[in-house]
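The report below covers two protein chains.

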Amino acid sequence: MRLNSSKGGLIGILIIILVLSTLLVLSLRREEIGSPVYLAKNEHPALFQSTESRGKTMIFNFGVICEEPFKELEIRFANMFMSPEPDFVDPDFVPNASDPLTIMESRKDIQMIKESLGNVTIPFDSIEVETVAGNVTNKKTYRGIVYDFSRTLGLFVEPSILDQIPEVFAVLMSEDGEVIYFTGIPDFFYEREENIKYLSIHYNQNETTYEEKTDLLIDVTPVGQAPRIGSLIFEDTGKDDQVLFQMNVESRLRTLPETIEQVPFRRFIVHYIRAYANGKLEVSEFNMIPMEATGWNV
Amino acid sequence: MTGRRTLTLLVASFLLGISVPVTISQSADSPLILIYSGDTPEWGQSLSDLIMGDGRFNADILIIEDRPTFETVVNFPRVQATVICPLQKERMALGDISDLTTAYFLDGGAVMGIGVACTTRYAPELGPVIFSITGNRSLSSKRMENHRVFVYNRKDVIPEINGDVETDPLYMEGYLAFYSADATGSYVEIPCNGTRHVLYEGDRSAPLMVAFESDDGGSSIAFPGLTVQSVEGKDNYYGLLLERPEFGELFLNGLKWAIDNSPRYQRLLGSSAQALENEANRRADLAEEAEKLEKRIESRRLLRLGILWTVGLVFCLAVVIRFVVIRD
């Protein structure tokens, strides 16, 4: 058996193919593995408007598909509204010259909360976020950080109390140094029984719906009975299992936090959704929705 | 907790976003007393100094100026007692803090209220539910040391609270606050779900100091008559009240009594450690699962790449055998 010397070119090509395929396999081997939770849907209104004057229902949709089986899949919701600039531990602190994490850590209220928690070994959630405001031609990117104490507090505080406590905080900073602050609660929406008209949670073929409490309908599960603290937990999920969430919201000024009565804080609201698979953060959607400044009956 | 568990917990903490441990030790926490004094932190600081100067309280003290922070922390497990004493009526939104403060009290917490916090007009829920009163409107006053003081008489006696205060009548700075009165102008007691002790009262039974043990919650002390203010030179300037040794003793004894008769802190002290341990274990288990899943996905990918590579190799080999190797 001998080699055909006239096929030297072919051998060269084969060697190149061999080397390239080996390199390809090695580089694919190093490639980061994608999330096992597929974000199927994340829709929210383009503008948050008063129902009172516009007569509009705002629809929020969110859906994920499990690409692997999980022991636990958790979806957590938080709703935040703009808040005034907080007091800082150092009165001379200049937030615009800092970064979101330092700003958050310099806040007096955050330090008080941490101090009040004491020696708790269970950490609170601290998550970096990024969001864009505006449209394609005129957009502004904000980067920031969210502190969510609800998971830690949930160990000691009743859920019915927990979702009334302002315990989710965000500090965002734009590329041009503008700093905005958000404070919120861990729930599907602020004052759920006032603002949420319809809520539906699909897990594969199983659907659970909740509706606004009225005197007319008796066969309706009221929104108040939906899972507390905006946390949906599914155990032992299978591959390709789907979770879909839909919420219809109608808001009036009186059903929103009192800071919203001040026009400067009617710029954005935040609907923040996370999905954790086996305790690991896989999806983090920080939906900063522009809010209509006028049209609210004060 | 075993070393492996701790390590897994740290991994789990990291996996949950970039979670920040509040602290890394798990030593026993000292209790926390909250003082919600609103816009007048110096008033809160004065009360804090009183507490710190009394060896019976082994607690950290947090003076809170803003409503949202108070609402956030009042139901924390470390909170042993809360003193609600804002001097400004409307701005401190006492009505707004009601739900979370009431939840704390009904969970067995200790609450002390001074001034408007105990008055139904400004704090519709706090007065009746937590303090079992509607307010105070003592009209019997006299001038002493160039300012007006109100006159109160001793009624019920709780030795732990009255302590060495034998004074009768008792003079205290304050101002008018309102309550439900009958046709004769006398104070009308409201029904309460527990045991109420009026320790001092003014004319027409206007209560100055009320100790309340709730049947389904904690205990409270109310000083509805002490509606003081922060302006020096005024008759009801709080500095004048702080100079009264009787006030200091009743305040501290009352706070101690409320703490001793409120089960929440001790109850949570026991269950908190267990809750933390359970959560740590839960997170460790989930982290283990996450690690297993990651390994499974990684091995699957390796296997697929290996097969792909082998197929390529076999193909190249086949081409070589077919076209390059000459068989003799």
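## Burial and contacts

Of the 298 residues of chain A in this predicted model, 53% are buried, where buried means under 20% relative accessible area, exposed over 50%, and partly exposed in between (1.4 Å probe, protein chains only). In chain B, 52% of the 328 residues count as buried.

A contact means heavy atoms within 4.5 Å. Among the contacts in chain A with a separation of 6 or more, 69% are between residues 24 or more positions apart. For chain B, 70% of the contacts between residues at least 6 apart in sequence join residues at least 24 apart.

## Conventions

Residues are numbered from 1 along each chain as its sequence is written, and chains are lettered from A and ligands numbered from 1 in the order in which they are written. As the model is predicted, local features need pLDDT of at least 70, side-chain atom pairs count only at pLDDT 80 or more, and totals for chains, interfaces and linings use all residues; side-chain values use heavy atoms, with hydrogens and water left out.

## Overall form

Chain A has 7 helices and 14 strands; helices (H or I, at least four residues) and strands (E, at least two) are DSSP runs, numbered from the N terminus. Chain A is more spread out than a compact globule, because its radius of gyration is 24 Å, well over the 19 Å that the globule rule gives for 298 residues. That radius is taken over C-alpha atoms, and the rule is 2.2 Å times the number of residues to the power 0.38. The C-alpha trace of chain A spans about 95 × 55 × 45 Å along its principal axes. Chain B has 9 helices and 11 strands.

The accessible surface is about 13,800 Å² for chain A, with 50% belonging to carbon and sulfur atoms. For chain B the figures are about 14,400 Å² and 54%. Areas come from the Shrake-Rupley method with a 1.4 Å probe; for residues, only the protein chains shown count as cover.

## Helix 4 of chain A

Helix 4 (residues 108-117) of chain A is largely enclosed by the rest of the structure, because 7 of its 10 residues are buried. These are Asp109(A), Ile110(A), Met112(A), Ile113(A), Lys114(A), Ser116(A) and Leu117(A). Gly118(A), just after the helix, takes a positive phi of about 75°.

## Positive phi and exposed loops

Most residues other than glycine have a negative phi. Asp236(A), in strand 11 (residues 231-237) of chain A, has a positive phi of about 50° and is exposed, at a relative accessible area of 63%. Asp240(A) has a positive phi of about 70°; this residue is in the loop between strand 11 and strand 12 of chain A and is partly exposed, at 47%.

Pro264(A), in the loop between strand 12 (242-249) and strand 13 (268-277) of chain A, is exposed, with a relative accessible area of 55%. Its C-alpha atom is separated by 31 Å from that of Arg151(A), 113 residues apart along the chain.

## Confidence

The model scores ipTM 0.76 and pTM 0.82. Chain B averages a pLDDT of 82, and 87% of its residues score at least 70; pLDDT is the predictor's confidence in each residue, from 0 to 100. Within chain B, the lowest mean is 42, in helix 1 (residues 3-15), and the highest is 96, in strand 3 (residues 79-84).

Over residues 1-27 of chain B the pLDDT is below 50, and this stretch has 55 contacts in the model beyond near neighbours in sequence. Where pLDDT is low, the predicted coordinates should not be read in detail.
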